[in-house]
Amino acid sequence: MGTGAIIGIVIVVIIVGVIGWGISAYNNLVTLKNRVKNGWAQIDVQLKQRADLIPNLVETVKGYASHESQVFVQVTQARAGAVAAANDPNATIAQRTAAENQLSRALLNLQATAEAYPQLQANQNFMNLQGQLRDLENKIAYARQFYNDVVLKLNTAIETVPTNIIAGLFRFEQAQYFQVDESARQAPQVKF
């Protein structure tokens, strides 16, 4: 074997290695992008279940606290906004997050209202609904954590060398995190 043949083989091996790396990097980015979609779908399922549970919860509380109409209007409007954002195919993650955060705040107001009525706290239907809501909120929190973890992995892969070359060539875009509303980050103030 001559020197030219050895150089040719080395060049072919390098080209095959680069192509293999490119395919691997592309497949990794596709896998991460699909995990982000799956993570969002899991959040979406939990949010839909929560939205379906809310009318029953509102009606139960309404039976005991009918004069608290402002709270019921807030919850109803927030739920309508969340459902509208969920059904809008053009809604961004940020818009969905804002609608869901507004619904979460309205639910906190509803739960605070319910605490003022001891007879409601003793109602078995209310307790079951509140337990279901608590379970759903835990599932939503887990799904958000999973989604944000996968978004972190995708965004890191898109930004780091050398995968950013493949991401740029195939126009992979960073995903948005599902972030908590700023008002939810503040600790509640207790006044006596």
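Hi everyone, let's start with a kink: helix α1 bends by about 25° at Leu53, and a proline, Pro55, follows within four residues. Before I go on, please keep in mind that this is a predicted model.

So how does the span of α1 compare with what its length should give? The helix covers residues 3–64, and at 1.5 Å a residue those 62 residues should span 92 Å. The end C-alpha atoms are 91 Å apart, which agrees.

Part of that helix also carries an annotation. An unreviewed UniProt entry lists residues 6–27 as "transmembrane region". In the model, that segment is 100% helix and 0% strand, with 31 Å between its end C-alpha atoms.

Now have a look at Val30, which is also found in α1.

Let's zoom out to the whole protein. There are 7 helices and 0 strands. The radius of gyration is 25 Å, well over the 16 Å that the globule rule gives for 192 residues, so the protein is more spread out than a compact globule. Along the principal axes, the C-alpha atoms fill a box of roughly 95 × 30 × 30 Å.

Of the contacts between residues at least 6 apart in sequence, 77% join residues at least 24 apart. Buried residues make up 33% of the 192. Thanks, everyone!

Note on methods: Residues are numbered from 1 along each chain as its sequence is written. This is a predicted model: local features need pLDDT of at least 70, side-chain atom pairs count only at pLDDT 80 or more; totals for chains, interfaces and linings use all residues. Side-chain values use heavy atoms; hydrogens and water are left out. Helices (H or I, at least four residues) and strands (E, at least two) are DSSP runs, numbered from the N terminus. The expected span of a helix is 1.5 Å times one less than its number of residues. The bend at a residue is the angle between axes fitted to the seven residues ending there and the seven starting there. UniProt positions are given in the numbering used here, feature names are shortened, and annotations may be inferred rather than shown by experiment. The radius of gyration is taken over C-alpha atoms; the globule rule is 2.2 Å times the number of residues to the power 0.38. Buried means under 20% relative accessible area, exposed over 50%, partly exposed in between (1.4 Å probe, protein chains only). Contact means heavy atoms within 4.5 Å.
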